[in-house]
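Please consider the sequence and structure shown here.

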Amino acid sequence: MSYKIRRHGVRQVRTAWADGPEFITQCPIRPGGSYTYRFTISGQEGTLWWHAHSSWVRATVYGAIIIRPRKGESFPFAKPNRDSVILLGEWWDANPIDVIREATRTGAAPNVSDAYTINGQPGDLYNCSKKDTVIVPVSSGETNLIRVINAAMNQQLFFTIANHKFTVVGADASYVKPFSTDVLMLGPGQTTDVLIKGDQPPGRYYIAASAYASAQGAPFDNTTTTAILQYNGKNGIASKPIMPTLPAFNDTKTATAFTTSFRSQNKADVPTKIDENLFITASLGVNQCPPKAKPSNCQAPNGTRFTASMNNISFVLPTNFSLLQAHHQGIPGVFTADFPAKPPVTFDYTGNISTSLWQPISRTTVYKLKYGANVQIVLQGTGIFTAENHPIHLHGYDFYVIAEGFGNFNPKTDTAKFNLVDPAQRNTVSLPVNGWAVIRFVANNPGTWIMHCHLDIHIGWGLAMVFLVENGVGDLETLEQPPEDLPAC
Ligand code: C2O
């Protein structure tokens with residue numbers, strides 16, 4: 001097994017070589033090989049994570065990254081008594097690599113998982129796992145920081161704790177204006193930092209997560225993972241944990257109320273003069289099978305194979321060089337630079353879509369950005385095959401989420417909804433089901449940066465694109481030389 005490890009969301013400038021996704025910024029690290037990632041984190045505080053970025057290896061290879069305030073500096077809230085990490089994961093009663101191999105062979109959707117996990121343990125509601133349920137301690141009167149990370153492979157998750165309210169203070173390693181909520185919704189890739197108070201009668205309270213599954217009719221893992229918030233002292237241990245109510249799996253209203261509550265803690269530095277205005281659709285799709293294909297390889301509906309795309313291009317990874325190497329060394333024939341700034345055809349993205357628009361083309365192509373360009377992207381979900389919420393993640397940057405909504409983005413009326421004052425900064429935006437989201441960033445980090453849906457099955461189907469950000473002027477605006485131990489293909 002070969003992997004690349006990447007630090008999801010780490011804002012590391014000029015060191016794209018240390019980003020990690022296979023064939024984007026490096027070739028895979030071979031079995032027994034090694035590669036040291038060297039980078040500096042700048043301007044971020046809070047919670048990020050790292051994970052493998054090759055096939056489905058990240059199902060088991062992941063962990064938290066915690067960035068505390070510098071020595072002598074403090075949180076923008078009273079120092080919490082305790083700091084706990086909750087890593088939400090997804091588990092198959094099978095080797096996850098076999099699960100994705102089988103799906104790749106058949107062209108169908110992979111088997112759904114058998115459990116979700118909290119810090120690796122599924123919890124009390126599954127057979128046989130009770131004795132290992134994770135305990136999160138709390139003492140009466142304390143205020144604790146809990147860092148929640150969705151590291152699941154393919155599922156947005158609701159998260160709650162019985163009888164305790166959350167004060168949300170951060171997301172994706174940026175602080176936000178505190179707001180109060182009973183439930184969080186995180187797409188894979190997202191993190192949320194919350195404060196909770198030990199203000200309930202001492203006892204045991206379930207911490208629980210279950211699916212937010214927005215694709216109509218699609219199968220999903222409808223189990224619930226639990227951990228236990230346990231008050232210190234005798235009362236804590238004895239009592240039976242209290243179970244919270246989680247939202248229904250299709251509760252888009254609750255998901256939206258949560259994702260639209262984020263505001264940056266301070267006045268945001270949103271670019272206003274836009275140099276690059278892109279409109280990018282995020283779609284599923286199906287490919288017709290070639291006449292001679294075996295039916296066993298065409299197991300998606302009506303004898304097709306599942307695919308996915310951005311602006312009708314299903315992204316294909318190169319195989320001999322990483323994009324970054326090809327760019328840096330000027331190796332021709334690895335990629336083209338003609339990713340379109342808008343969809344090739346305009347249609348009613350969230351209406352009834354003709355099946356003639358369901359089949360994207362497969363390409364290895366990038367979109368070039370000049371160093372320092374102010375970029376706006378309207379991300380538009382579509383109903384091709386089925387509409388679904390997509391956690392869209394951009395490498396190398398934090399971006400501002402300045403608006404989101406349902407239906408087709410309308411530039412005449414929706415620009416009035418843009419928040420240019422205090423939008424939250426994130427690295428993964430929850431693109432509403434059958435809706436849109438608008439993000440902005442300044443392209444001041446040279447390199448090749450992939451933007452993809454963080455539902456792993458969708459990346460494999462091609463729901464991705466790559467920005468090639470050119471060097472600027474002088475060393476400080478230029479990609480560093482590749483490290484000597486950079487793996488070769
Ligand atoms: Cu969290 Cu491309 O990754």
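**Reading the domains, cores and strands**

A salt bridge links the side chains of Asp-422 and Lys-177, at 2.6 Å from N to O. The model is predicted, so local features need pLDDT of at least 70 and side-chain atom pairs count only at pLDDT 80 or more, while totals for chains, interfaces and linings use all residues. Residues are numbered from 1 along each chain as its sequence is written, and side-chain values use heavy atoms, with hydrogens and water left out.

Q: Into which domains is the protein chain divided?

A: Domain bounds come from an automatic or database domain assignment. Here the protein chain is divided into domain 1 (72–259) and domain 2 (276–477). The C-alpha centres of domain 1 and domain 2 are 28 Å apart. Each side supplies residues to the contact (heavy atoms within 4.5 Å): 30 residues come from domain 1 and 30 residues from domain 2.

Q: How much area do domain 1 and domain 2 bury between them?

A: The size of an interface is often given as the accessible area lost when the parts come together. Buried area is taken with a 1.4 Å probe and summed over both parts. Domain 1 and domain 2 bury about 2,300 Å² between them, with 48% of it on carbon and sulfur atoms. On the domain 1 side, Gly-107, Asp-172 and Gln-190 lose the most area to domain 2, together 19% of what that side buries.

Q: How many salt bridges are counted between domain 1 and domain 2?

A: A salt bridge requires a side-chain nitrogen of Lys or Arg within 4 Å of a carboxyl oxygen of Asp or Glu. Between domain 1 and domain 2 the count is two salt bridges.

Q: Which residues touch the most other members of the largest nonpolar core?

A: In soluble globular proteins, nonpolar side chains tend to be buried together. A nonpolar core is a set of buried Ala, Val, Leu, Ile, Met, Phe, Trp, Tyr and Cys residues joined through side-chain atoms within 4.5 Å. Buried means under 20% relative accessible area, exposed over 50%, and partly exposed in between (1.4 Å probe, protein chains only). The largest core has 59 residues, of which Ile-280, Ile-377, Leu-379, Ile-392, Phe-441, Met-451 and Phe-467 touch the most other members. Strand 15 (residues 276–288) gives the largest share of this core, five residues. Because both domain 1 and domain 2 give residues to this core, it lies between them. A second, separate core has 45 residues, including Ala-171, Val-194, Leu-246 and Phe-262.

Q: Which strand does strand 15 join, and in what sense do they run?

A: Strands (E, at least two residues) and helices (H or I, at least four) are DSSP runs numbered from the N terminus, and two strands pair if DSSP finds at least two bridges between them. Strand 15 and strand 16 run antiparallel and are joined by seven bridges; Ser-283 has Ser-309 in strand 16 as its bridge partner. Six of the seven residues of strand 16 (residues 304–310) are buried, so strand 16 is largely enclosed by the rest of the structure.

Q: Where do the residues of strand 21 point?

A: His-390, Ile-392 and Leu-394 point one way from strand 21, Pro-391 and His-393 point the other way, and all are buried. Strand 21 pairs with strand 24 (residues 428–431) in the antiparallel sense over four bridges, and the partner of His-390 in strand 24 is Leu-431. Three bridges also join strand 21 to strand 26 (residues 447–453), again antiparallel, and Ile-392 stands opposite Cys-453 in strand 26.

Terms used: Buried area is the accessible area (1.4 Å probe) that two parts lose on being put together, summed over both.
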